[in-house]
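Work through the exercises below with the model open. Try each task before you read its solution.

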Amino acid sequence: MNQTFDYKTTGLVSGLMLGSHKSRQRGTGADFYKKSLFLDEPDTSRLDLNASLTDPFESLHVKSYRQRSKIDVLLLIDGSSSMLYDEKSALLHEVYESTKASVEAANDHFSCYLLKEKLIKLDDIDALTTEFTRLSPESNHAEATQQVFPVLPGKPALIFLVSDFHWPETQLQSLMTVLSAHLVVPIVLWQSKEYLDFPLWRFVELADLETGVSSLVFITRDQKQKIQQQYEDRRAYLTQQFRRFNQQPFWLIDHYDAKQMSRYFSMQ
């Protein structure tokens, strides 16, 4: 099954290498930009004979184009212990493989980092699997969000940020500020079991997804509704926070479909 997606950016991306994305770089591209005076852009291969012959001032004109450029694509993955819950790890592997395949298909530059206590560069899917087997509930809170800046490209890049975003507000705000010069796609990875699948009138062991601390909770109708409402409130909060940074979240709940990712970019 083809799990690549089309992430062609609607905005202009600065770049020097030829690729498949619109950029501000002028060159021998296929995207017509404007007509210019020959004295401003002296290139005889782009002479516009019609505009030159009809100019009452007998000035020469050329056609200006914008070339398409390669972009850097980064995949930043939350290495918090909450990402071990249920099928999150399996979904994360799908996102990794799909993103890498899509970037390779577009002939762009791909790199991936895991946010644990330290920032860890992942060269392949096996490295991701290995690092997740080392996760423990007590030892990790993705402190590496403070170490991202040195690995960011010097020009605008496309950054996929994958997390369940069970982070403190200050940590989320800090990372979003660091990434604000880039085009960021926050991928919110949740499992519906986290807030829907609770049997009524029973004691259920609930674990804090970040600390791993468990507690017994008797699930009444009010308690179940309270849990669901907390997630609805969290969803509204995250959407609001991302929009402050001109970002639109991609909600990945239970199932990953590359077509939905392509649709996400087509609507931006």
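**Exercise 1: a leucine and its helix**

Leu-172 is buried, with a relative accessible area of 2%; buried means under 20%, exposed over 50% and partly exposed in between, with a 1.4 Å probe and protein chains only. This is a predicted model: local features need pLDDT of at least 70, side-chain atom pairs count only at pLDDT 80 or more, and totals for chains, interfaces and linings use all residues. Residues are numbered from 1 along each chain as its sequence is written, and side-chain values use heavy atoms, with hydrogens and water left out.

Task: Find what surrounds Leu-172.

Solution: 
1. Leu-172 sits in helix H4. Helices (H or I, at least four residues) and strands (E, at least two) are DSSP runs, numbered from the N terminus.
2. List its contacts (heavy atoms within 4.5 Å). Beyond neighbours within four places in sequence, Leu-172 touches Phe-165, Trp-167, Tyr-237, Leu-238, Gln-241 and Phe-242.
3. Take one pair. Leu-172 and Leu-238 are 66 residues apart in sequence, yet 9.4 Å apart in space, C-alpha to C-alpha.
4. Widen to the helix. H4 covers residues 169-178, and its buried residues include Gln-171 and Met-176. The buried residues of H4 pack against strand E6 (158-163) and helix H5 (221-244).
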